[in-house]
Amino acid sequence: MSRNTKINLVLLFVVVALAVLPLALGLGDHKKEPFTGSDGQAETAITELKPDYEPWFSPLYEPPSGEIESALFSLQAALGAGVLAYYFGLRRGRRQGEQRALEREADSALPGAAGKSTAERD
């Protein structure tokens with residue numbers, strides 16, 4: 001097994017552990033909403049500290065239900081992952097193209113290969 005494979009397996013194990021351990025250990029069982037986001041927790045903390053607090057602005061769009069809000073968040077995450085995958089794929093393709101071009105230039109610079117086609121060199 002190569003070193004990269006070992007590193008990938010360790011990272012995969014860590015990610016799975018981070019996802020499963022909070023559920024398996026029952027973290028958040030004592031809470032009404034155990035795994036709320038930081039926005040909800042901040043809102044709760046602010047209303048506890050200062051009940052008469054008025055927000056500076058309101059959201060541009062308020063989804064009608066939590067399911068739609070979750071779907072929109074998932075769509076945003078998928079679009080972001082798609083943009084990142086496209087960017088990294090494009091960079092990798094360019095790097096591979098540049099590497100192949102350099103190899104072709106190096107092959108054509110070999111003595112005795114100048115002026116010959118690829119078929120004649122083989």
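This is a predicted model: local features need pLDDT of at least 70, side-chain atom pairs count only at pLDDT 80 or more; totals for chains, interfaces and linings use all residues.
View 1. Leu-75 counts as partly exposed because its relative accessibility is 48%, where buried means under 20% relative accessible area, exposed over 50% and partly exposed in between, with a 1.4 Å probe and protein chains only. Together with Leu-60, Tyr-61, Ile-68, Leu-72 and Leu-79, Leu-75 forms a nonpolar surface patch with about 680 Å² of accessible area. Patches take residues with over 30% relative accessible area and no salt bridge, joining nonpolar side chains (Val, Leu, Ile, Met, Phe, Trp, Tyr) within 5 Å and like charges within 9 Å; a salt bridge is a side-chain nitrogen of Lys or Arg within 4 Å of a carboxyl oxygen of Asp or Glu.

View 2. Glu-43 belongs to helix H2 (residues 38-49) and is exposed, since its relative accessible area is 53%.

**View 3. The aromatic pair of Tyr-87 and Phe-88.** One aromatic pair is found in a search of the whole structure. Tyr-87 and Phe-88 make this edge-to-face pair, at 5.4 Å centre to centre and 65 degrees between the planes; rings of Phe, Tyr and Trp (its six-membered ring) pair if their centres lie within 6.5 Å, and planes under 30 degrees apart count as stacked, over 60 as edge-to-face and the rest as tilted. Tyr-87 is partly exposed at 39%, whereas Phe-88 is exposed at 53%.

**Notes.** Residues are numbered from 1 along each chain as its sequence is written. Local features need pLDDT of at least 70 and side-chain atom pairs 80 or more, while totals for chains, interfaces and linings use all residues, and side-chain values use heavy atoms, without hydrogens and water.

Technical notes
Accessible areas come from the Shrake-Rupley method with a 1.4 Å probe; for residues, only the protein chains shown count as cover. Helices (H or I, at least four residues) and strands (E, at least two) are DSSP runs, numbered from the N terminus.
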